[in-house]
Amino acid sequence: MELKDKVTIITGAAGGIGKTTSEEFAKAGAKLVLVDYNKKALKKLAKEIRQTHVDVIEIQADVSNEQEVKKAVYNALGKFNKIDILINNAGICKMIPILEISADEWDHFMAVNLKSVFLFSKEVFRYMKEVKYGKIINIGSAAGKIGGLAAGAHYSASKAAVMCFTKSLALQAAPFKINVNCVCPGPTKTDITLAWGDKTNIEFAEKIPFKEYAESIDIANAILFLASDKSKYITGEILDVNGGLVMD
Ligand SMILES: NC(=O)c1ccc[n+]([C@@H]2O[C@H](COP(=O)([O-])OP(=O)(O)OC[C@H]3O[C@@H](n4cnc5c(N)ncnc54)[C@H](O)[C@@H]3O)[C@@H](O)[C@H]2O)c1
């Protein structure tokens with residue numbers, strides 16, 4: 001029970017990596033605030049986790065909407081009286097050439113993948129600063145380092161910014177003993193990569209030294225490590241989980 005009673009907000013909880021992370025955190029003893037805009041999948045997950053006698057609330061919210069983010073954090077504090085861990089995981093990805101990205105689509109990607117991280121981190125940091133404890137974990141992407149095997153430029157740029165935001169916040173949060181880190185996955189078996197199709201996935205797996213995509217559990221394990229006290233002296237770190245695709 002590495003995370004016993006640690007109140008954890010997980011955004012994008014209903015998706016591939018978010019769902020596995022939620023399940024692993026439940027097993028580790030955490031109390032969960034699950035956030036997603038997919039109401040049906042969110043309810044289903046919360047019900048399944050509740051059946052294992054874990055304290056969990058689900059909040060349907062658009063992570064790019066400031067009022068909804070504020071309300072989610074307010075409700076989390078109202079229910080549990082504290083927040084120990086924030087996992088900024090919600091994100092969207094699309095394989096699209098640059099000439100086909102409209103200005104509106106660019107803004108949408110920045111809002112969901114980047115502004116959301118800023119909004120949630122700001123609200124949670126406001127609280128964690130007072131109690132001088134907390135862990136904030138953002139989810140980057142190998143695409144944010146190398147431009148992306150299949151991702152659009154808007155996706156890659158948003159993830160590069162998430163990684164730099166992680167370091168900026170880590171600096172400002174360090175005096176309050178708050179760790180801010182980032183897990184940086186390579187291609188992982190979820191709906192995002194499923195949408196790329198078999199042909200592309202076989203081709204891309206060949207480019208990875210491990211010759212296969214990550215499973216969601218590989219990413220969840222790295223998040224769990226950064227959320228635990230085993231990583232208490234680590235901050236501002238971008239932790240690659242990519243089978244050797246990027247080594248920097
Ligand atoms: N799967 C990969 O290959 C891969 C690689 C690198 C990074 N990532 C990152 O990992 C994170 C999780 O991705 P995944 O693969 O599990 O994807 P996924 O599509 O399976 O899950 C994403 C979840 O985010 C939710 N979401 C999307 N937009 C939202 C919004 N505006 N408000 C609230 N919820 C929203 C979706 O409903 C979904 O449940 C993302 O940030 C993604 O960019 C994934």
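The second largest pocket of this structure, a predicted model, has a volume of about 240 Å³. The largest pocket reaches about 890 Å³, and the ligand sits in this largest pocket. One cavity of 30 Å³ or more is also counted. The points below take these sites in turn, with the contacts of the ligand.

**Second largest pocket**

- The lining of the second largest pocket consists of Tyr 133, Lys 135, Ala 174, Lys 177, Ile 178, Asn 179, Asp 229, Lys 232, Tyr 233, Ile 234 and Thr 235.
- By class, five of these lining residues are nonpolar, two are polar and four are charged.

**Largest pocket**

- The largest pocket has a volume of about 890 Å³.
- Its lining comprises 43 residues, and those closest to the centre of the pocket are Asn 89, Gly 91, Ile 92, Thr 190 and Ile 192.
- Five helices each contribute at least two residues to the lining of the largest pocket: α1 (16-27), α4 (103-131), α5 (143-146), α6 (153-173) and α7 (191-194).
- The lining of the largest pocket divides by class into 23 nonpolar, 16 polar and four charged residues.

**Ligand and its surroundings**

- At Gly 16, a backbone N or O atom is 2.9 Å from an oxygen atom of the ligand.
- At Ile 17, a polar backbone atom lies 2.8 Å from an oxygen atom of the ligand.
- At Tyr 37, a backbone N or O atom is 3.3 Å from a nitrogen atom of the ligand.
- On its own the ligand has 830 Å² of accessible area, of which the protein covers 94%.

**Cavity**

- The largest cavity has a volume of about 30 Å³.
- The lining of the largest cavity includes three nonpolar and four polar residues, with no charged residues.

Technical notes
Residues are numbered from 1 along each chain as its sequence is written. This is a predicted model: local features need pLDDT of at least 70, side-chain atom pairs count only at pLDDT 80 or more; totals for chains, interfaces and linings use all residues. Side-chain values use heavy atoms; hydrogens and water are left out. On a 1 Å grid over the protein atoms alone, a cavity is a set of points where a 1.4 Å probe fits but cannot get out, and a pocket is an open set with protein on both sides within 12 Å along at least five of seven lines; lining residues have an atom within 4 Å of a point. Grid points are joined across faces, edges and corners, and a volume is the space filled by probe spheres set on the points. Helices (H or I, at least four residues) and strands (E, at least two) are DSSP runs, numbered from the N terminus. Ala, Val, Leu, Ile, Met, Phe, Trp, Tyr, Cys and Pro count as nonpolar, Asp, Glu, Lys and Arg as charged, and the others, Gly among them, as polar. A polar contact is a pair of N or O atoms within 3.5 Å; within protein, one must be able to donate a hydrogen and the other to accept it, and residues adjacent in sequence count only if both atoms are side-chain atoms. Accessible areas come from the Shrake-Rupley method with a 1.4 Å probe; for residues, only the protein chains shown count as cover. A molecule sits in a cavity or pocket if more than half of its atoms lie within 2 Å of its grid points.
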